[in-house]
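Take the chain below and walk through it one region at a time. Keep the coordinates open and check each step as it comes.

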Amino acid sequence: MAAVFLTGTAAPIFVDAVARERTQLVPLDFDALSGWAEDDHDAAFSAFMRSCTGPARTAPDGPVTLRPGIELSEDLKAVCAIARNWQDGARAFFEAHFMPHRVVPGEGRPFLTGYYEPEYDGARQPGPDFSAPLRPRPPDLVTRNAENPLPGIDENLAAARRLPDGSHVPYPDRAAIMDGAIDDLAPPIVYLRHPAQAFIIHVQGSARIRLDDGDVMRVGYAGRNGHPFTAIGRLLVERGTIPLEEMSLARLLGWLEDPANAVQADALMRENRSYIFFAENRALAAEDGPIGGAGVALTPHRSLAVDRTIWPYGLPVWLSGTLPDADNRETPLAQLMIAQDTGSAITGVARGDYFTGSGDEAGRQAGYIRHRPDFVILLPRATGTGP
């Protein structure tokens with residue numbers, strides 16, 4: 001990609017995808033952001049500094065290998081260097097070192113959904129009460145990236161299976177994996193009570209699992225089979241099973257867990273061919289959020305999942321509009337978020353996924369979020385140290 005200057009005073013940022021989608025980035029003054037002065041800038045600054053600190057390079061079981069794309073862009077690294085010694089207040093920091101730009105998509109409208117860290121009961125060994133598995137990343141899974149372009153594999157597939165001779169084939173989809181295609185390659189790391197709970201964890205990308213021995217296990221995203229994601233809640237709405245106005249995460253989970261729907265639920269989950277793999281994270285403190293795509297712990301109500309083919313991790317994003325609470329009551333939204341995660345369903349310049357936190361209340365709120373706030377990205381000002 002080529003670096004493009006958006007304004008005369010903004011640091012360069014890779015925006016080929018923005019241009020390709022005919023998106024306008026309209027420069028604004030901070031005074032034009034309704035609610036800006038009232039936001040908790042300290043909370044946003046704390047989340048921003050997590051991105052600046054970056055992923056831990058070591059873990060109890062050895063070094064961490066960073067996935068491609070986790071490192072901050074050079075212009076954000078330059079701003080982070082300033083942030084580490086900043087003494088003049090969080091609001092002043094953002095105003096001094098970033099410029100707001102409203103995102104005006106060339107097609108469609110901004111769209112915000114929510115996600116959270118579920119909490120469920122589970123067991124390390126299968127039994128009558130715990131039979132729905134979460135699996136680790138299998139050793140033959142190869143994710144498509146610059147180092148592994150996967151020639152010959154359908155461009156719509158984000159991963160593939162490496163064969164012993166070094167060639168690649170499409171990885172088994174969800175239905176095949178549910179039928180045992182990789183049982184020997186990826187023995188489960190934990191078991192849930194119901195397949196629907198495991199499915200929800202796949203969609204959310206992380207979980208706290210209360211084990212039958214009293215411990216709490218933290219699991220996080222470790223890869224996916226590369227097949228496209230299909231939103232099964234949308235399928236239920238399209239087929240008239242659940243009215244759109246009634247659809248929420250809780251309503252979906254209730255339908256999937258209803259014994260009367262067991263056969264249909266199994267078939268429906270198979271229609272989402274994407275399958276997620278997990279790793280246990282023993283290093284997380286109880287108060288930490290799950291690890292997002294950027295490799296840092298997420299902050300409730302401050303971490304945002306974005307399209308990583310467009311926006312870099314660590315980028316501040318201002319959201320303005322309304323947001324439902326856990327009781328589905330609309331509340332004003334005027335909040336500075338930090339891009340710290342991504343997801344296969346998060347595609348587009350004005351598409352975001354709002355992290356609400358952990359547990360049932362956070363899950364209820366996340367399940368109600370299907371909103372269209374304004375997206376304003378804060379681009380780093382020129383520091384003289386950019387690329």
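The buried residues of helix 6 are Ala-196, Gln-197, Ala-198, Phe-199, Ile-200, Ile-201, His-202 and Gln-204. This is a predicted model. Helix 6 is largely enclosed by the rest of the structure, because eight of its ten residues are buried. After helix 6 comes Gly-205, with a positive phi near 90 degrees.

What does helix 6 pack against? Its partner is helix 8. Two packed helices are described by the angle between their axes and the distance between the axes. Here helix 6 (residues 195–204) and helix 8 meet at an angle of about 145 degrees, and their axes are 9 Å apart. Helix 6 brings Ala-196, Gln-197, Ile-200 and Gln-204 to the contact. Helix 8 brings Leu-249, Leu-253, Leu-256 and Glu-257. By class, the contact of helix 6 with helix 8 has five nonpolar, two polar and one charged residues. An α-helix has 3.6 residues a turn, so residues three or four places apart point the same way. Read the two contact lists again with that in mind.

Move to the loop between helix 7 (232–238) and helix 8 (249–257), where Ser-248 is placed. Is Ser-248 buried or exposed? It counts as buried, because its relative accessibility is 10% and the cut-off for buried is under 20%. A polar atom of the Ser-248 side chain lies 3.2 Å from the backbone nitrogen of Arg-251. Beyond its neighbours within four places in sequence, Ser-248 is in contact with Gly-367, Tyr-368 and Arg-370.

Arg-251 is partly exposed, with a relative accessible area of 31%. Glu-246 also counts as partly exposed, at 40% relative accessibility.

Strand 14 pairs with strand 8 in the parallel sense over four bridges. In that pairing, Asp-121 has Arg-210 of strand 14 as its bridge partner. Strand 14 is also joined to strand 15 (residues 216–224), antiparallel, by five bridges. There Arg-208 stands opposite Arg-218 of strand 15. The hairpin of strand 14 and strand 15 has four residues between the strands, and Gly-214 in this hairpin takes a positive phi near 100 degrees.

**Charged pairs**

Side chains of opposite charge can pair when their charged atoms come close. The count for this model comes to 21 salt bridges. One of them joins Asp-121 and Arg-193, at 3.7 Å from N to O. Asp-121 lies in strand 8 (residues 119–123) and Arg-193 in the loop between strand 13 (190–192) and helix 6, so the pair ties together parts that are 72 residues apart in sequence. Asp-121 is partly exposed, with a relative accessible area of 27%. Arg-193 is partly exposed too, at 41%. Which residues make up the network of salt bridges around this pair? Glu-119, Asp-121, Arg-193 and Arg-210 are linked in it.

A second pair is Asp-288 and Arg-50, whose side chains meet in a salt bridge of 3.8 Å, N to O. This pair links distant parts of the chain, 238 residues apart. Asp-288 sits in the loop between strand 16 (276–280) and strand 17 (303–305), while Arg-50 is in helix 2 (residues 41–53). Asp-288 is buried, with a relative accessible area of 18%. Arg-50 counts as partly exposed, at 31% relative accessibility.

Nine strands form it, in the order 3-6-22-18-19-17-20-7-21, with mixed pairing. Strand 3 (24–27) and strand 21 (370–371) stand at the edges, each with a single partner strand, so one side of each has no neighbour in the sheet. Within the sheet, strand 7 (residues 111–117) and strand 20 (residues 351–358) run parallel, joined by six bridges. Phe-111 has Arg-351 of strand 20 as its bridge partner.

Helix 4 (residues 90–97) lies across strand 6 (98–104), strand 18 (316–324), strand 19 (330–341) and strand 22 (374–380). It runs at about 70 degrees to strand 6.

Definitions and conventions. Residues are numbered from 1 along each chain as its sequence is written. This is a predicted model: local features need pLDDT of at least 70, side-chain atom pairs count only at pLDDT 80 or more; totals for chains, interfaces and linings use all residues. Side-chain values use heavy atoms; hydrogens and water are left out. Helices (H or I, at least four residues) and strands (E, at least two) are DSSP runs, numbered from the N terminus. Buried means under 20% relative accessible area, exposed over 50%, partly exposed in between (1.4 Å probe, protein chains only). A polar contact is a pair of N or O atoms within 3.5 Å; within protein, one must be able to donate a hydrogen and the other to accept it, and residues adjacent in sequence count only if both atoms are side-chain atoms. Contact means heavy atoms within 4.5 Å. Two strands pair if DSSP finds at least two bridges between them. Axes are lines fitted to C-alpha atoms, for helices over the stretch in contact, and angles run from 0 to 180 degrees between N-to-C directions. Ala, Val, Leu, Ile, Met, Phe, Trp, Tyr, Cys and Pro count as nonpolar, Asp, Glu, Lys and Arg as charged, and the others, Gly among them, as polar. A salt bridge is a side-chain nitrogen of Lys or Arg within 4 Å of a carboxyl oxygen of Asp or Glu.
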